[in-house]
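Subject: Structure handover and what was found in it

Dear colleague,

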Amino acid sequence: MNSPDETKTQPEKEFAIGFAKQVGDIGALVTRILAAVFFTILLLTGNTMAQSIRERVPEFAILKTIGFSDGKVTVLVLAEAVVMLLLGSGLGMLATTSLLPALNGATGGRFPPLFVHGSTWLVALGIAVVLALAIGLPPALRARRLKIIEALAGH
C-alpha cells in the first residue's frame with residue numbers, strides 16, 4: 001500500500017471467481033442453454049410418444065375388442081410414458097452423481113464443489129412424473145377415444 005507499485009493479494013479461488021464474473025453472468029447463460037436443451041428434449045420425447053401410439057392404433061383396438069376398458073387403455077399409455085421418463089431421468093441422475101466427484105477433482109478446488117442431495121433426487125422424480133403426464137396425456141386421450149371399427153379399418 002505504501003509502495004509506488006501497489007499489488008492486490010488474494011487467494012487463487014477468489015481470483016478464479018472474479019475472472020469468471022468478468023466473462024459475464026455464466027449462471028444465467030448456462031440456465032438459458034439448459035432450458036433450451038430441456039425444451040428440445042421435451043419436444044422430442046412428446047413426438048416419439050405420439051408416433052409410438054399412432055403406430056399401435058390397431059393393437060389398442062384389439063385390446064378394446066377383447067375387453068379392455070377405455071380407462072385401462074389410457075392407463076397403459078400413461079404408464080408407458082411414466083416408465084420411459086423415469087428410466088431416462090434415473091439414468092441421467094445416476095450419471096450426474098457418478099461424474100461429479102471427477103468434475104470436483106478436476107477443478108483443483110478453485111470452484112465450490114458440486115453435490116447431488118436427496119432433495120435433488122425428489123425434484124427430479126417430481127419433474128419426470130409431471131413431464132410424463134404432460135407428454136403421455138394427449139396420446140392417452142387419443143387411445144381412449146379410439147373407435148374399434150375405425151382403427152381396424154385403418155381410418
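Is Arg56 buried, exposed or partly exposed? Please bear in mind, before the answer, that this is a predicted model. Arg56 is partly exposed, because its relative accessible area is 23%, and a residue counts as buried only under 20%.

Salt bridges

A search of the whole structure finds two salt bridges. In one of them Arg56 is paired with Glu80, and the closest N and O atoms are 2.5 Å apart. This pair links distant parts of the chain, since Arg56 sits in the loop between helix H2 (26-55) and H3 while Glu80 belongs to helix H4, 24 residues apart. Glu80, with 27% relative accessibility, also counts as partly exposed.

Asp70 and Lys64 form a salt bridge as well, with 2.9 Å between the closest N and O atoms. Here the two partners fall into separate classes: Asp70 is partly exposed, with a relative accessible area of 36%, whereas Lys64 counts as buried at 8% relative accessibility.

Even so, H4 bends by about 35° at Leu99, and the proline Pro101 follows within four residues. Among the buried residues of H4 are Val73, Val77, Ala81 and Leu85. After H4 comes Gly108, whose phi is positive, near 70°.

Helix H5 (residues 118-144) has 27 residues, and from its first C-alpha to its last it reaches 37 Å, close to the 39 Å expected at 1.5 Å a residue. H5 has a kink of about 40° at Leu137, which lies shortly before the proline Pro138. The buried residues of H5 include Ala124, Ala128, Leu131, Ala132 and Ile135.

If neighbours within four places in sequence are left aside, Thr45 is in contact with Met84, Leu85 and Ile135. Thr45 counts as buried because its relative accessibility is 16%, and the limit for buried is under 20%.

The nonpolar patch

Which residues form a nonpolar patch on the surface? They are Ile62, Ile66, Phe68, Leu76, Ile148, Ile149 and Leu152, which together have about 670 Å² of accessible area. Helix H6 (residues 148-153) gives the most to this patch, with three residues. Phe68, another member of the patch, is found in the loop between H3 and helix H4 (70-106), and is partly exposed, with a relative accessible area of 31%.

Glu59 has its place in helix H3 (residues 57-65), and Glu59 is partly exposed, with a relative accessible area of 46%.

With best wishes

Conventions:
Residues are numbered from 1 along each chain as its sequence is written. This is a predicted model: local features need pLDDT of at least 70, side-chain atom pairs count only at pLDDT 80 or more; totals for chains, interfaces and linings use all residues. Side-chain values use heavy atoms; hydrogens and water are left out. Helices (H or I, at least four residues) and strands (E, at least two) are DSSP runs, numbered from the N terminus. The expected span of a helix is 1.5 Å times one less than its number of residues. The bend at a residue is the angle between axes fitted to the seven residues ending there and the seven starting there. Buried means under 20% relative accessible area, exposed over 50%, partly exposed in between (1.4 Å probe, protein chains only). Patches are made of residues with over 30% relative accessible area and no salt bridge: like charges are joined within 9 Å, nonpolar side chains (Val, Leu, Ile, Met, Phe, Trp, Tyr) within 5 Å. Accessible areas come from the Shrake-Rupley method with a 1.4 Å probe; for residues, only the protein chains shown count as cover. A salt bridge is a side-chain nitrogen of Lys or Arg within 4 Å of a carboxyl oxygen of Asp or Glu. Contact means heavy atoms within 4.5 Å.
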